[in-house]
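Let's take a walk through this one, chain by chain, and then look at what sits between the chains. Keep the viewer open as you read.

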Amino acid sequence: MKKFLIALVLGAGITLGGCAGMAEQALNLPSGILTQSVQNPVTRDHLYRLENGLIVGVTALNSYKKLCESGQLAANCIATVATLQAYVRRGRPLLRQLRIFVRKNDQVNARVVFDQVQMILVELRGTAAAAGIPIPQTP
Amino acid sequence: MADVGRIFEVAMTGLNLVTSLAQQGKDISTAVGALTKVFSKRPQDVTEEELDETERQLDELLDEFEKPLGRKE
(Lines give C-alpha, C1' and ligand atoms only; values in the text may rest on other atoms or scores of the structure.)
Protein backbone atom coordinates (compact mmCIF):
# COMPACT_ATOMS: atom_id res chain seq x y z
CA MET A 1 0.00 0.00 0.00
CA LYS A 2 2.82 2.36 1.02
CA LYS A 3 4.69 1.63 -2.25
CA PHE A 4 1.52 2.26 -4.23
CA LEU A 5 1.06 5.64 -2.53
CA ILE A 6 4.68 6.63 -3.17
CA ALA A 7 4.32 5.65 -6.83
CA LEU A 8 1.07 7.62 -7.04
CA VAL A 9 2.65 10.75 -5.51
CA LEU A 10 5.72 10.50 -7.76
CA GLY A 11 3.53 9.93 -10.79
CA ALA A 12 1.37 12.92 -9.95
CA GLY A 13 4.47 15.06 -9.45
CA ILE A 14 5.89 14.11 -12.84
CA THR A 15 2.52 14.60 -14.52
CA LEU A 16 1.96 18.02 -12.93
CA GLY A 17 5.53 19.06 -13.80
CA GLY A 18 4.84 18.03 -17.38
CA CYS A 19 1.57 19.98 -17.38
CA ALA A 20 3.38 23.10 -16.19
CA GLY A 21 5.90 22.69 -19.01
CA MET A 22 3.13 22.27 -21.61
CA ALA A 23 1.19 25.22 -20.22
CA GLU A 24 4.33 27.38 -20.40
CA GLN A 25 4.78 26.43 -24.05
CA ALA A 26 1.10 27.03 -24.84
CA LEU A 27 1.12 30.44 -23.11
CA ASN A 28 4.53 31.33 -24.54
CA LEU A 29 5.96 31.87 -21.04
CA PRO A 30 9.62 31.46 -20.10
CA SER A 31 10.56 27.88 -19.16
CA GLY A 32 10.11 27.11 -15.45
CA ILE A 33 8.05 30.21 -14.73
CA LEU A 34 4.94 28.40 -13.50
CA THR A 35 6.79 26.16 -11.07
CA GLN A 36 9.32 28.84 -10.12
CA SER A 37 6.58 31.33 -9.19
CA VAL A 38 5.29 28.85 -6.62
CA GLN A 39 8.67 27.70 -5.33
CA ASN A 40 10.18 31.19 -5.20
CA PRO A 41 7.34 33.69 -4.79
CA VAL A 42 7.79 37.44 -5.16
CA THR A 43 6.60 38.65 -1.78
CA ARG A 44 6.00 42.11 -0.36
CA ASP A 45 9.37 41.72 1.36
CA HIS A 46 11.07 41.17 -2.03
CA LEU A 47 9.34 44.26 -3.40
CA TYR A 48 10.31 46.29 -0.31
CA ARG A 49 13.98 45.30 -0.62
CA LEU A 50 13.98 45.88 -4.38
CA GLU A 51 12.49 49.37 -3.99
CA ASN A 52 14.84 50.34 -1.15
CA GLY A 53 17.79 49.09 -3.21
CA LEU A 54 16.53 51.23 -6.08
CA ILE A 55 16.31 54.28 -3.77
CA VAL A 56 20.04 53.90 -3.07
CA GLY A 57 20.79 53.46 -6.77
CA VAL A 58 18.60 56.32 -8.03
CA THR A 59 20.09 58.62 -5.36
CA ALA A 60 23.45 57.93 -7.01
CA LEU A 61 22.00 58.55 -10.48
CA ASN A 62 20.56 61.90 -9.36
CA SER A 63 23.90 62.84 -7.86
CA TYR A 64 25.63 62.04 -11.18
CA LYS A 65 22.99 64.01 -13.09
CA LYS A 66 23.47 67.09 -10.88
CA LEU A 67 27.26 66.93 -11.30
CA CYS A 68 26.72 66.67 -15.06
CA GLU A 69 24.30 69.62 -15.08
CA SER A 70 26.70 71.80 -13.13
CA GLY A 71 29.44 71.13 -15.69
CA GLN A 72 31.69 69.21 -13.29
CA LEU A 73 31.77 66.15 -15.55
CA ALA A 74 32.99 65.71 -19.14
CA ALA A 75 30.46 66.45 -21.89
CA ASN A 76 29.88 62.74 -22.59
CA CYS A 77 27.92 62.59 -19.30
CA ILE A 78 24.97 64.09 -21.23
CA ALA A 79 24.72 60.96 -23.39
CA THR A 80 25.16 58.73 -20.34
CA VAL A 81 22.29 60.45 -18.52
CA ALA A 82 20.08 60.12 -21.62
CA THR A 83 20.84 56.37 -21.83
CA LEU A 84 20.12 55.87 -18.13
CA GLN A 85 16.87 57.87 -18.41
CA ALA A 86 15.77 55.54 -21.22
CA TYR A 87 16.22 52.53 -18.89
CA VAL A 88 14.17 54.30 -16.22
CA ARG A 89 11.39 55.05 -18.72
CA ARG A 90 11.32 51.38 -19.73
CA GLY A 91 11.38 50.16 -16.14
CA ARG A 92 8.79 52.38 -14.49
CA PRO A 93 5.66 50.89 -16.11
CA LEU A 94 6.95 47.42 -15.18
CA LEU A 95 7.53 48.54 -11.60
CA ARG A 96 3.95 49.84 -11.41
CA GLN A 97 2.67 46.48 -12.71
CA LEU A 98 4.88 44.60 -10.25
CA ARG A 99 3.43 46.56 -7.31
CA ILE A 100 -0.10 45.61 -8.38
CA PHE A 101 0.72 41.92 -8.97
CA VAL A 102 2.51 41.56 -5.63
CA ARG A 103 -0.39 43.17 -3.75
CA LYS A 104 -2.86 40.86 -5.51
CA ASN A 105 -0.49 37.93 -4.87
CA ASP A 106 -0.66 37.15 -8.62
CA GLN A 107 2.54 35.12 -8.47
CA VAL A 108 2.79 34.06 -12.11
CA ASN A 109 2.65 37.63 -13.45
CA ALA A 110 4.67 38.99 -10.52
CA ARG A 111 7.52 36.58 -11.34
CA VAL A 112 7.44 37.45 -15.06
CA VAL A 113 7.53 41.21 -14.39
CA PHE A 114 10.07 40.88 -11.53
CA ASP A 115 12.45 39.08 -13.90
CA GLN A 116 11.91 41.76 -16.59
CA VAL A 117 12.71 44.49 -14.05
CA GLN A 118 15.86 42.61 -13.03
CA MET A 119 16.96 42.36 -16.69
CA ILE A 120 16.59 46.12 -17.15
CA LEU A 121 18.52 46.66 -13.92
CA VAL A 122 21.37 44.48 -15.19
CA GLU A 123 21.63 46.66 -18.32
CA LEU A 124 21.29 49.87 -16.28
CA ARG A 125 23.99 48.74 -13.83
CA GLY A 126 26.32 47.98 -16.73
CA THR A 127 25.87 51.44 -18.26
CA ALA A 128 26.18 53.11 -14.84
CA ALA A 129 29.29 51.11 -13.92
CA ALA A 130 30.94 52.14 -17.22
CA ALA A 131 30.36 55.76 -16.16
CA GLY A 132 31.79 55.06 -12.68
CA ILE A 133 28.44 55.04 -10.86
CA PRO A 134 28.20 52.04 -8.52
CA ILE A 135 24.59 50.78 -8.38
CA PRO A 136 24.18 48.14 -5.68
CA GLN A 137 22.37 44.90 -6.47
CA THR A 138 19.27 44.15 -4.46
CA PRO A 139 19.45 41.14 -2.14
CA MET B 1 26.62 30.81 1.95
CA ALA B 2 25.94 32.25 -1.49
CA ASP B 3 23.29 34.54 0.02
CA VAL B 4 25.72 35.78 2.67
CA GLY B 5 28.26 36.58 -0.05
CA ARG B 6 25.71 38.44 -2.12
CA ILE B 7 24.39 40.42 0.86
CA PHE B 8 27.98 41.34 1.79
CA GLU B 9 28.62 42.47 -1.80
CA VAL B 10 25.47 44.61 -1.78
CA ALA B 11 26.38 46.10 1.58
CA MET B 12 29.89 47.00 0.45
CA THR B 13 28.70 48.58 -2.82
CA GLY B 14 26.02 50.51 -0.93
CA LEU B 15 28.47 51.73 1.71
CA ASN B 16 30.99 52.78 -0.94
CA LEU B 17 28.24 54.67 -2.71
CA VAL B 18 27.11 56.45 0.46
CA THR B 19 30.73 57.31 1.32
CA SER B 20 31.21 58.71 -2.18
CA LEU B 21 28.03 60.82 -1.90
CA ALA B 22 29.13 62.11 1.52
CA GLN B 23 32.54 63.07 0.13
CA GLN B 24 30.74 65.12 -2.53
CA GLY B 25 28.81 66.90 0.21
CA LYS B 26 25.50 65.33 -0.88
CA ASP B 27 22.56 64.62 1.41
CA ILE B 28 22.96 60.94 2.26
CA SER B 29 19.96 60.55 4.60
CA THR B 30 17.66 58.97 1.99
CA ALA B 31 20.32 56.56 0.75
CA VAL B 32 21.41 55.56 4.27
CA GLY B 33 17.79 55.08 5.33
CA ALA B 34 17.07 52.89 2.32
CA LEU B 35 20.25 50.87 2.75
CA THR B 36 19.36 50.24 6.40
CA LYS B 37 15.88 49.09 5.40
CA VAL B 38 17.28 46.61 2.87
CA PHE B 39 19.08 44.77 5.66
CA SER B 40 17.19 45.42 8.88
CA LYS B 41 13.68 44.15 8.18
CA ARG B 42 12.52 40.58 8.52
CA PRO B 43 9.94 39.53 5.90
CA GLN B 44 7.02 39.57 8.32
CA ASP B 45 7.88 43.07 9.53
CA VAL B 46 7.06 44.95 6.30
CA THR B 47 3.77 46.77 6.69
CA GLU B 48 1.58 48.21 3.94
CA GLU B 49 2.35 51.74 5.18
CA GLU B 50 6.11 51.15 5.00
CA LEU B 51 5.79 49.76 1.51
CA ASP B 52 3.66 52.76 0.44
CA GLU B 53 6.19 55.19 1.94
CA THR B 54 9.11 53.45 0.20
CA GLU B 55 7.25 53.60 -3.12
CA ARG B 56 6.48 57.30 -2.64
CA GLN B 57 10.17 58.05 -1.95
CA LEU B 58 11.31 56.01 -4.95
CA ASP B 59 8.77 57.66 -7.27
CA GLU B 60 9.96 61.12 -6.18
CA LEU B 61 13.58 60.19 -6.95
CA LEU B 62 12.63 58.65 -10.31
CA ASP B 63 10.59 61.77 -11.22
CA GLU B 64 13.62 63.90 -10.44
CA PHE B 65 15.91 61.71 -12.55
CA GLU B 66 13.50 61.66 -15.50
CA LYS B 67 13.39 65.47 -15.75
CA PRO B 68 15.33 66.74 -18.77
CA LEU B 69 18.96 67.56 -18.16
CA GLY B 70 19.57 71.28 -17.76
CA ARG B 71 22.79 71.27 -19.78
CA LYS B 72 23.21 71.22 -23.51
CA GLU B 73 26.29 70.25 -25.51
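Of the 73 residues of chain B, what percentage count as buried? The figure is 26%, where buried means under 20% relative accessible area, exposed over 50%, and partly exposed in between (1.4 Å probe, protein chains only). Before going on, some housekeeping: this is a predicted model, in which local features need pLDDT of at least 70, side-chain atom pairs count only at pLDDT 80 or more, and totals for chains, interfaces and linings use all residues. Residues are numbered from 1 along each chain as its sequence is written, chains are lettered from A and ligands numbered from 1 in the order in which they are written, and side-chain values use heavy atoms, with hydrogens and water left out.

Back to chain B. Its secondary structure is 3 helices and 0 strands, in the order α-α-α from the N terminus on. Helices (H or I, at least four residues) and strands (E, at least two) are DSSP runs, numbered from the N terminus. Chain B exposes about 4,700 Å², with carbon and sulfur atoms supplying 56% of that; accessible areas come from the Shrake-Rupley method with a 1.4 Å probe, and for residues only the protein chains shown count as cover.

Chain A has 5 helices and 0 strands, so to speak a run of α-α-α-α-α along the sequence. Of its 139 residues, 44% count as buried. The accessible surface of chain A is about 7,200 Å², and 64% of it belongs to carbon and sulfur atoms. Take the contacts in chain A between residues at least 6 apart in sequence: 62% of them join residues at least 24 apart, a contact being heavy atoms within 4.5 Å. For a spot to check by eye, His46(A) lies in helix H3 of chain A and is partly exposed, with a relative accessible area of 29%. The C-alpha atoms of His46(A) and Val102(A) are 9.3 Å apart, although 56 residues separate the two along the chain.

How many disulfides does the structure hold over all chains? There is 1, counting pairs of cysteine sulfur atoms within 2.5 Å. Cys68(A) and Cys77(A) form it, with their sulfur atoms 2.0 Å apart. The link is right-handed, at 75° about the S-S bond. Cys68(A) is buried, at a relative accessible area of 0%, and Cys77(A) also counts as buried at 0%.

Now for the place where the chains meet. Here 43 residues of chain A are in contact with 44 residues of chain B. Chain A and chain B bury about 4,200 Å² between them, 61% of it on carbon and sulfur atoms; buried area is the accessible area (1.4 Å probe) that two parts lose on being put together, summed over both. There are 10 salt bridges between chain A and chain B, each a side-chain nitrogen of Lys or Arg within 4 Å of a carboxyl oxygen of Asp or Glu. One of the salt bridges joins Asp63(B) and Arg92(A), at 2.8 Å from N to O.

Finally, the nonpolar core: a set of buried Ala, Val, Leu, Ile, Met, Phe, Trp, Tyr and Cys residues joined through side-chain atoms within 4.5 Å. The largest one has 46 residues, and Leu50(A), Leu84(A), Leu98(A) and Ile133(A) touch the most other members. Giving two or more residues to this core are helices H3 (44-69), H4 (77-104) and H5 (107-130) of chain A, together with helices H1 (2-23), H2 (29-40) and H3 (48-66) of chain B. Not counting residues up to four places away in sequence, Ile133(A) touches Ala60(A), Leu61(A), Tyr64(A), Leu84(A) and Ala128(A).
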